[in-house]
Amino acid sequence: MQNLELISVIVPVYNVEKYIRECLDSIVNQTYKNLQIILVDDGSTDNSGKICDEFAKKDSRITVVHQENQGAGAAKNAGLDLIKGEYFSIIDSDDYIDLSMYKIMVSLMEQYDSDIAQCLFKQVYTNKTIIRQYSTLKKSCTVLTRQKYLQHFLSDWKFAVFWNKLFRSSLLDNIRFPVGRKIDDEFFTYKLVCNAKRIVNTTEPFYFYRMRKSSVMNNNAKNRLIYDRIDCFVERYEYVSSRFPKLRKTYYNKLFDSLLLYKSKLGTDDDKLKGLFFKYPYKRPSVITKIFNRFSRQKNYEPPIDTKNCLLFD
């Protein structure tokens with residue numbers, strides 16, 4: 001146990017007094033003990049900050065940062081600036097993790113000489129828990145090169161999130177989250193993947209994702225969310241295609257498909273989309289037919305999970 005590499009665990013915290021104890025209990029009680037736990041209280045107006053301080057008094061591995069409210073991206077960046085570990089992980093403060101998560105994921109990274117490990121997760125509702133199965137990787141353990149991973153990235157949204165992953169800290173290379181976005185993981189994860197040599201995936205569900213009414217995916221700021229996604233897809237295409245020219249065509253097609261999809265949501269008079277369609281014209285025949293038929297024909301397509309009887313947390 002004395003030779004275990006240090007893992008830095010970042011937890012951005014904002015008004016989660018109902019859930020933060022369960023989150024922190026799942027971290028401090030990990031079977032992997034060599035942890036640096038960084039709690040960033042982003043100006044909470046409830047008792048979240050006090051609860052963080054209570055945990056810090058009981059556990060010397062915990063550091064608490066209190067800052068004025070600046071948003072989730074800024075809170076995560078504050079944590080990234082403090083990491084000391086060989087590995088790092090970011091856990092949302094209303095979620096929790098399996099007690100063996102870090103022990104097993106570090107073991108997989110060492111066994112397969114990987115820079116990133118990712119796991120499955122479970123969606124937690126007030127009345128049930130549902131496992132999210134990967135649609136593109138079926139083996140219990142799969143090792144991917146970064147280019148193979150980036151191919152899966154486009155067809156499986158679970159590859160884009162950061163919270164079901166353990167990263168080698170050397171991948172950061174000054175990469176940070178954008179500040180002021182409704183979403184930020186989609187601007188972050190792929191850049192670390194581009195710096196990785198290998199990624200190991202396990203189908204074990206170590207992460208528990210709490211489904212809440214107030215989450216980004218359930219709020220009403222739809223247009224702002226759409227614009228963030230558009231910016232992400234444009235940035236991602238430019239970034240990935242410059243690093244990996246062989247992926248340029250695939251990422252270009254995905255970008256145009258996304259623009260076409262959001263055109264149906266924002267309308268034909270949206271100035272931002274007009275400019276992007278001029279800059280990124282479609283390059284495939286019958287593209288409109290293909291976009292609406294592609295996912296229904298895709299052999300790895302993951303049908304939506306029936307959640308009509310699932311009750312969300314507040």
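**Close-up views of a predicted model**

**View 1. Lys-76, a buried lysine.** Lys-76 has a relative accessible area of 4%, so it counts as buried (under 20%; exposed is over 50%, partly exposed in between, with a 1.4 Å probe and protein chains only). This is a predicted model, where local features need pLDDT of at least 70, side-chain atom pairs count only at pLDDT 80 or more, and totals for chains, interfaces and linings use all residues. Residues are numbered from 1 along each chain as its sequence is written, and side-chain values use heavy atoms, leaving out hydrogens and water. Look for Lys-76 in helix H3, residues 72–80 (helices are DSSP runs of H or I, at least four residues, numbered from the N terminus). Setting aside neighbours within four places in sequence, Lys-76 is in contact (heavy atoms within 4.5 Å) with Ile-10, Pro-12, Ile-90, Phe-162, Phe-177 and Asp-184.

**View 2. Inside the largest nonpolar core.** This core has 93 residues (buried Ala, Val, Leu, Ile, Met, Phe, Trp, Tyr and Cys joined through side-chain atoms within 4.5 Å). Helix H8, residues 248–266, gives the largest share, eight residues. Ile-27 is among those with the most contacts inside the core; not counting residues up to four places away in sequence, Ile-27 touches Val-9, Val-11, Leu-35, Ile-37, Ile-91 and Ile-97.

**View 3. A second, separate core.** Five residues make up this one, including Tyr-19, Tyr-96, Phe-208 and Phe-313.

**View 4. Residues 295–299, a stretch to take with care.** Here pLDDT (the predictor's confidence in each residue, from 0 to 100) stays under 50. For comparison, the protein chain averages 89.

Key: Helices (H or I, at least four residues) and strands (E, at least two) are DSSP runs, numbered from the N terminus.
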